[in-house]
Amino acid sequence: MTAVPLPVSDSAPVACDEAAIADTRRWLERAVIGLNLCPFAKAVHAKAQVRYAACATASEGDLLDALESEAKSLVAEDPRRLDTTLLIATGCLRDFLDFNDFLGRAERRLRRAGFDGVLQLASFHPDYCFAGTEPDDVTNCTNRAPWPTLHLLRETSLDRAVEAFPEAEAIYERNMETLERIGSAGWSALDVSAGAAHRAAGEGV
């Protein structure tokens, strides 16, 4: 498992990238794995095959460059050592609508860079909202992370995961049921918002 704050220009806003990485790891452990929202996450986490990279740039163009760089680094690595990457944006895209617009540009950049059929891009945001839902709908929490996050996944790993879990299409429905069962109070109790890792460290949790 690697956790690396990416270099940014002097004009970029100061951000505590180490804290964002800690928040994201806490979210992965408590929410994604803890609630089994992704049955494939536990194995790569246990094998330390997840890279956490935080990027504090305020420029969306620079974030696109960082995404392409992370994609190149991922495919160059042995998947037995590094299977997937979480790129955390700490300096921009705080607004979900901006983030949603950015995703189209990100996917086009990856296609132009030759990663079509090689990598897939998944996305998470603190204010993620599925089409047709209200912002306070608890089911949106399936895609809510403490920071705007771009998730690079290998297509080959996804194919193997689907073979091991043939009813993968049922994951979405099961996740909706899980979030509806625990409700907003249950999600809040997980304490996976931005700054949670720092607060937990201070409290000795």
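**Helix packing in a predicted model**

Helix 1 passes helix 6 in a right-handed crossing, meaning that the near helix is turned clockwise from the far one by less than a right angle. This is a predicted model, in which local features need pLDDT of at least 70 and side-chain atom pairs count only at pLDDT 80 or more, while totals for chains, interfaces and linings use all residues. Residues are numbered from 1 along each chain as its sequence is written, and side-chain values use heavy atoms, with hydrogens and water left out. Helices are DSSP runs of H or I with at least four residues, strands are runs of E with at least two, and both are numbered from the N terminus.

Axes here are lines fitted to C-alpha atoms, for helices over the stretch in contact, and angles run from 0 to 180 degrees between N-to-C directions. Helix 1 contributes Arg-26, Trp-27, Arg-30 and Ala-31 to the contact, and helix 6 contributes Trp-187, Ala-189 and Leu-190, where contact means heavy atoms within 4.5 Å.

Next, helix 3 (residues 60–76) and helix 4 (residues 96–112). Their axes lie 10 Å apart and the packing angle is about 40°, which makes helix 3 oblique to helix 4. This crossing is right-handed. On the helix 3 side the residues include Leu-63, Leu-64 and Leu-67, and they meet a helix 4 set including Phe-102, Arg-105 and Arg-109.

Now to burial. Which residues of helix 7 are buried? In helix 7 (residues 196–203), they are Ala-196, Ala-197 and Ala-200, with buried meaning under 20% relative accessible area, exposed over 50% and partly exposed in between, for a 1.4 Å probe and protein chains only. Down the axis of helix 7 these residues fall within an arc of 95°, so they line one face; the arc is taken from the directions from the helix axis to the C-beta atoms. His-198, Ala-201 and Gly-202 are exposed on the other side of helix 7. Helix 1 (17–33) is included in what covers the buried residues.

Last, helix 5 (residues 155–164), where Glu-155, Ser-157 and Ala-161 are buried. Their arc of only 155° around the axis puts them on the same side of helix 5. They pack against strand 4 (119–124) and strand 5 (149–154).

Notes
Parallel < 35°, antiparallel > 145°, perpendicular 65-115°, else oblique.
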